Amino acid sequence: MLKIGAHMSTSKGYHRVPVETLGIGGNCFQIFPHSPSMWRAKLPEERKIELFKDAMIKTKLCSEDALVHSGYLINLASPKEEVRYKSIELLKLEITITEMLGLKYLNFHPGSHLGTGLETGIDRIARGIDEVLSSIGDTEVVLLLENVAPKGGNIGSRIEELKMIIKRTSYADRIGITYDTCHGFDSGYDIRSREMVEKLLAEIDHWLGLEKLKMIHLNDSKYPLGAAKDRHERIGDGYIGEEGFAAFLSSDEILKRPLILETPGGNEEHAQDIKRVKKILGIERDAND
Ligand code: MN
Ligand code: MN
Ligand code: ZN
C-alpha cells in the first residue's frame, strides 16, 4: 500500500495531525516537536500525549510511518562549542518528545562545518551523535540523517558523506537516512529516468545498505539539476517534473517507504500534491481506503 503524507502543522495540537492527515488523503506525516527556529522546546503534557495516541489508534495510522523533524538551529558540526552543546541538548530533548509521542523516527540535518572543513565536520557530527545517544541511554527512537543541499558548508549532500558519519559513530544500528528528492537533485542526483533511479539506489545500497533508507522527502525543485539552491516546488511543477516523478516512483524500493511532502503551501496544496502523485502512479482511490 502506498504510504504518502506531508509535513503537518501542530498549531492546533498534536492530536489534530492524524485526522488532518486523513483529510488530505494521506496516511503518514511529519511534524516538528517544537518551534523549529528556536532553541527552546518543552515536553508535551501527559493529556496531550494521550489525545495524540488516541488519534493515532482511531485513524489507524502507523507510528513507524510518522517522522519527527528536528529543529533548524541544530548543528552538531559547528565549530562553536556553545552551538554544539546546545545542539546536543536539544537533540536529546527531541528524542524524548519523539519517544513520548510513541513515534520511532527523528530526522535531522547532519550539520554545516561553516568553512572549517569536511573531515573535521564529519568528526564533530559523529562525536555529537555519540554524546546524544550515550547520554539518552535505552530508546526505541532511530535517528535519520537527511541528505541536504550542497550549500553553506553543509555536510551530507552526498551519500558517501552520510556513510562516513554513520561509520564513525558507535551507534550505526540506531541511525538511518531520509532521502530528500529536492536536496538530492540540488546535489546532482538525477532521478528523472528509471536508469538513474536504479543508479541512486545502487549507490545507497553500496555505501549504506538499502535497509538504512527509511523515509523519502518527496519534493520537486524550483531550480535545475545541481543548482544547490534548496528551493522546494510543488510536485510536477519543478525541474524534476511529472515525468521525473513517474520514473522515481516506478521503483518498488522507493514505494515501500513513506513519501512525505515538504512542498510549498499547507493542507490544501498538499492534498492536491498527493492527488497528483496518485495520478502519476495511476491510483484513483484514497491511500486510506
Ligand atoms: Mn529537512
Ligand atoms: Mn527535507
Ligand atoms: Zn530543503
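## A first look around the model

Glu233 touches Asn219, Asp220, Ser221, Lys222, Gly238, Thr263 and Pro264, leaving aside residues up to four places away in sequence. With one of these neighbours there is also a polar contact: the side chain of Glu233 meets the side chain of Lys222 at 3.5 Å. Glu233 belongs to strand β11, which covers residues 232-233. Is Glu233 buried or exposed? Its relative accessibility is 15%, and since buried means under 20%, Glu233 counts as buried. Please keep in mind while reading that this is a predicted model.

Now to the metals. The manganese ion (ligand 1) is held by three residues, and the zinc ion (ligand 3) is coordinated through His183, Asp230 and His232. The table sets the two sites next to each other.

| Metal ion | Coordinating residues (atoms) | Distances | Spacing along the chain |
|---|---|---|---|
| manganese ion (ligand 1) | His69 (NE2), His109 (NE2), Glu146 (OE) | 2.1 to 2.2 Å | H-x39-H-x36-E |
| zinc ion (ligand 3) | His183 (NE2), Asp230 (OD), His232 (NE2) | 1.9 to 2.0 Å | H-x46-D-x1-H |

Which residue bridges the manganese ion (ligand 1) and the manganese ion (ligand 2)? That residue is Glu146, and the two ions it bridges lie 3.3 Å apart. His69 sits in strand β3 (residues 67-69) and Glu146 in strand β6 (residues 142-146), so this pair ties together parts of the chain that are 77 residues apart in sequence. His69 and Glu146 are both buried.

In accessibility, His183 counts as buried, at 3%, whereas Asp230, at 30%, counts as partly exposed.

Some of these metal-coordinating residues turn up again around a pocket. The largest pocket has a volume of about 480 Å³. How many residues line the largest pocket? There are 28, and those nearest its centre are His69, Tyr72, His109, His183 and Asp230. The elements giving two or more residues to this lining are β5 (111-112) and β7 (154-155). Sorted by class, the lining of the largest pocket holds 9 nonpolar, 15 polar and 4 charged residues.

The second largest pocket has a volume of about 390 Å³. It is lined by 16 residues, and Tyr14, Pro33, His34, Lys42 and Pro44 are the closest to its centre. The lining of the second largest pocket has 6 nonpolar, 5 polar and 5 charged residues.

One last stop is Phe29, found in strand β2 (residues 28-31). Phe29 has a relative accessible area of 1%, so this residue is buried. What does Phe29 touch, not counting residues up to four places away in sequence? Its contacts are Ala6, Met8, Val17, Thr21, Phe52, Met56, Leu61, Asp65, Ala66, Leu67 and Ile260. Phe29 and Ser63, meanwhile, are 34 residues apart in sequence and 9.6 Å apart in space, taken from C-alpha to C-alpha.

Definitions and conventions: Residues are numbered from 1 along each chain as its sequence is written. Chains are lettered from A and ligands numbered from 1 in the order in which they are written. This is a predicted model: local features need pLDDT of at least 70, side-chain atom pairs count only at pLDDT 80 or more; totals for chains, interfaces and linings use all residues. Side-chain values use heavy atoms; hydrogens and water are left out. Donors are N, O and S atoms within 2.8 Å of the metal (3.2 Å for Na, K and Ca); water is not among the atoms, so sites may look incomplete. Helices (H or I, at least four residues) and strands (E, at least two) are DSSP runs, numbered from the N terminus. Buried means under 20% relative accessible area, exposed over 50%, partly exposed in between (1.4 Å probe, protein chains only). A polar contact is a pair of N or O atoms within 3.5 Å; within protein, one must be able to donate a hydrogen and the other to accept it, and residues adjacent in sequence count only if both atoms are side-chain atoms. Contact means heavy atoms within 4.5 Å. On a 1 Å grid over the protein atoms alone, a cavity is a set of points where a 1.4 Å probe fits but cannot get out, and a pocket is an open set with protein on both sides within 12 Å along at least five of seven lines; lining residues have an atom within 4 Å of a point. Grid points are joined across faces, edges and corners, and a volume is the space filled by probe spheres set on the points. Ala, Val, Leu, Ile, Met, Phe, Trp, Tyr, Cys and Pro count as nonpolar, Asp, Glu, Lys and Arg as charged, and the others, Gly among them, as polar.
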